[in-house]
Amino acid sequence: MKKIILFFILSVSTVFASSYDELLLKTQISIFPKITILDKSLNKKLINNEIIYTIIYEKNDFLIAEKIKADTESIFLNSHIDTYKYKINLLNISSLSNQTKATVFYVLNLSKSDVKKVSQIAIKNNILTFSYDINNLYNGLLFSLNIEKSTVFYLNKKILSYKNINFVSPLLRMVKFIN
Amino acid sequence: MLRKIKNSLSLKIIFSIIAVSLLVMFILFLVLEKINEDAFYKVEIDKANIILKTVEPLIALDLYLGMKENINSITKELVNNPNILSIKITTENSSIYSLSKNNNLKKTKDYFVVTKDIYQPNSKKIIANILLTYSSENYKKLRYEYRKTIISLFIVLILLFILLSLYIKRLLAPLRKIASYLNNYNPDIKRSPFLYDENNEIGLIAKELNSMQNKIQDYSEKQQNINKNLEKMVEKKTAELKTQLYTNTLTGLPNRTSLVNDIISLENGALIILNIDDFKEINDFYGHIVGDSVLIQLSKKLEYILNNRSNIKLIHLHADEFGLLFTKEIAYSSFIKMIKKLIKEIENIILYHEDNKIVLQITIGAVHGIDNALERADIALKLAKKISKEFVVYDKKLNIEHLYEENIKWLKRIRNAIKHDNITPFFQPIYDTKTSKILSYECLMRLIDENNNIISPYKFLTIAKKSRLYTQLTKIMIQKSCEYFQNFKYNFSINLSIEDILDIEIVTFLKTQMQRYKVADRVVLEILETEGIENYEKISKFIADMKKIGCKIAIDDFGSGYANFEYILKLNIDYIKIDGTLIKNLDTDKNAKILVETIVDFAQRLNIQTIAEYVHNEAIYKEVKKLNIDRSQGFYLSEPIADIKELL
C-alpha cells in the first residue's frame, strides 16, 4: 500500500513538476560541484569550512531537488568534493532570504522574479549561482551548461565582473559568455 | 711550391692568413654547430613544451570535467599540427586518449618525445600524463638551413681571404721588385733610381734605398780614388824601397845587396874591395858631413877612373868600403894593373876642407874569380890590413880560411868554458925583492878545456876581444878573484884593459863585487899601458874613483906603450910594472938595462913602487935586485897556481 501511495505521490508530483531533461540534469549534477571548486576564491565563500551546496526549487520540484541531492552525494562520496567538505541543503524559494547562508545556489526552474531575487541575494552574499536553465543567466544567474553538439558552458559575463568570483582561466576559455 | 712560399714574404703572409683563417673557421664551425645543434634542439623541445603547456590546462579541465569529446577534439587538433606525430594521454584511471599519424618512425632521430603531467585545475593533484611525439623534421631543416648559411658564409669569407691575400700580394709586390732591382747590385755601375710613386712604407723604403744607393756610389767613387792614390803611393814607395834595398843612399851607387845578387848571376869575373885607411879619423876629426863629402867625391872619382867601362860595376859596400865588380873575365895581369892604377889614382887625390888638405890612402882586397868573391875579397882585405900591404889578391895558398876556422873554433871553446864554469883565475905571487916574502898575488885568467888542459889567455883573449864574450870573461875574473880573496889577507891584482875602464857596465860590476866581498882596499887594478892610454881624462877619473874606495893602481907593461912620463904623473898611480920584454933580457941587453934603470929612477923619485915581471931565472933575479926594483914576479919565483894555500 505504501508503495502504491508513494508511486501516486511521485506520479502526481511529476505531473505538477516542471519538466527537466534527465541527461542535462545528470550532466549538471556531475559538473556543477566540480565547477564550484574551480573558483580560486572559494575559500572566502565557505561556511564553516564547508561548501554549502544549496538547491533552490519551487515547491513542485521538491522531489527533483531531492533526487539531485541524492545523485550528487552518490557521485561525490564521503561529503567531499575533491578536498573540500560539502553539505547539500534543499531550499524552497519561499524560504530564501538575505540571511540564507550558502556557498552555491543551484537554481532549478523558477519564475523570472524569483530568479532575480536569487540573483540579488547571491550577489549580495557572494554566492556562486548555477542554473538548470541557461535562460536564467539573462536574469542574473552566473553559470549554466547545455548539451548541444557537445557540452557547452555558459557564463554570465556581467555577474562574473562582481568581485570574489575568480574561476580558473582554462574554464573561462571554454565557456560561452552571455551578456 | 714550398721553396717558393719559404722565399716569399707575401706568400708566407697569405698562407699564414689562410691557414689561421681556415683553422679559426673550422673551430668556429664546430663550436657554432654544437651550440646551434643544442639551441635548435632546445627550440624544438621548447616548442613542443609550449604546445603541451598550452593544451595542458584545457585537457586538464576537460579531464576534470570528464568531457571526452573535448579531449578528442583537442588531440585531433594537435595531430593536425604537421610537427606533432602522436599524442597520448594517460589518466590515473588508466584511461588512454591516443592519436597518431601513420608515419613510420624508424629512427629515434626522426622525432622527440615530450611528456608533461596534467594537474587538476586549481589543484596540485596530478590527474594524467600527456606524451607528445614531436617531429624532428623542422629541427633537421633548421640545422640544414643553418649549415647552408654557415658554409655560404665561410665560402664568402674564404673568397674574401683570397681577395685579401691577392691584395696583400699586390701590395707587397714592389718589395720583390726592389729585391730584383738590388740583385747583382754593383756600386761601381750607375743605375737609374728605383721608381715607386706611392707615399706608403714601401715608397719610403724605395726613397731611402735610392738615397742610400747614391751615397754608396759616392762612397765607392771616393774609395776608388783613394785606392788609386794608395796604389800609386805603394808603387812609388815600392820603387823607393827597391832603390834603397839595392842602392847606397849617400852615393847613389849599388850597394852590398846588389853586389850579392850580381855575383850570383855571374859565371866569370873578379872583385876588388877597397877600404879607406883611417876613415874613422876623418869622421872624428872633421865630422860626419865632411866624411860623407869625402865618400861622395871618392865615388865620383872612381866613376871617372872607370870611365863608363861597361864590364866594371862600381859598388858602395858601406861607409868606407867600395867594390869594383868585373862582370866579364879579365886577364890576371890586367887585373893587377887595374888595382895598382886605382891605388895610384886615389892616393893622388887631394880633397880640401877649409884650409886643410885631406889625402886618402886605401887598402885593397881582391879576388880573381867569381866563386865566393865577396867573402874571399873581404878575407884578402883583412889580410892586407893585418900585414899592412897596399893590396892582397886572394890566393888559396894563403890559407886564410884556416885562420878563420881557428877563430871560430876558439870562440866555441870559450863559450863552452863559460857555460861549464871553466874560466877560472890562477894566482901568481909577487915577492918583496929584498925579503923574498909574498906581498900580493896577480890574478891571471885560465881556461880549462874539456881535456882539463890549462890554457893561457894569450891564445884566446884577442879572439874574445873581437866578440861579445870578452865582457863576460872580465866579469867572471872580477867576481871569482874578489870571492877568492875575501878569505885571505893578501892584496891581489886584477888586469883591466882600457876598453874595460871605458865600459860603464864593467866599472859598475867591479864596484859592486868589491863592495859585496869587502875587498876594495886590497885590490890592485893593473891597467895595460901597451894599449895606449888615449883618453886620459876618463882614465884619470876612473883611477880617482877607485882610489877613493881604497883600490891601488898599477900600470902594466910599462915601457912598451906610448904613454909618456908626464901623463903617468897625472894619473896618480901606485905601482909601475916594468914591461916583461925589458926584464927578460936584462942580463944580456944593455939598452934594456938602461931603460929599466931610468924607469926605476923615475918611479923612486915619484915614490911609486916598481915591479919586475918575467923573472924567469936567477940571473935576471939578481939584476932585478941590483936595480932596486921593489917587487918581483916570474916563473923563477913561482908559476901561477890554482890555490894559494899551496904556498902558505
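Let me start with the side chain of Ser86(B), which makes a polar contact of 2.7 Å with the side chain of Thr133(B), where a polar contact is a pair of N or O atoms within 3.5 Å and, within protein, one atom must be able to donate a hydrogen and the other to accept it, residues adjacent in sequence counting only if both atoms are side-chain atoms. This is a predicted model, in which local features need pLDDT of at least 70 and side-chain atom pairs count only at pLDDT 80 or more, while totals for chains, interfaces and linings use all residues. Residues are numbered from 1 along each chain as its sequence is written, chains are lettered from A and ligands numbered from 1 in the order in which they are written, and side-chain values use heavy atoms, with hydrogens and water left out.

Ser86(B) belongs to strand E1 (residues 84-91) of chain B; helices (H or I, at least four residues) and strands (E, at least two) are DSSP runs, numbered from the N terminus. At 16% relative accessibility Ser86(B) counts as buried, since buried means under 20% relative accessible area, exposed over 50%, and partly exposed in between, with a 1.4 Å probe and protein chains only. Leaving aside residues up to four places away in sequence, Ser86(B) touches Leu99(B), Ser100(B), Leu131(B), Leu132(B) and Thr133(B), contact meaning heavy atoms within 4.5 Å.

E1(B) pairs with strand E2 (residues 96-100) of chain B in the antiparallel sense over 5 bridges, and two strands pair if DSSP finds at least two bridges between them. Within that pairing, Ile87(B) has Leu99(B) as its bridge partner in E2(B), and in the hairpin, which has 4 residues between the strands, Ser94(B) takes a positive phi near 65°.

Most residues other than glycine have a negative phi. Two asparagines also take positive values: phi is near 50° in Asn48(A) and near 60° in Asn628(B).

E1(A) and strand E3 (residues 84-92) of chain A run parallel and are joined by 8 bridges, and Thr54(A) has Asn89(A) as its bridge partner in E3(A).

Back in chain B, which residues in H7(B) meet H8(B)? They are Phe279(B), Ile282(B), Asn283(B) and Tyr286(B), and they meet His288(B), Val290(B), Gly291(B), Val294(B) and Leu295(B) in H8(B).

Finally, Phe40(B) is placed in helix H2 (residues 9-65) of chain B and counts as buried at 15% relative accessibility. Not counting residues up to four places away in sequence, Phe40(B) touches Tyr139(B), Leu142(B), Arg143(B) and Tyr146(B).
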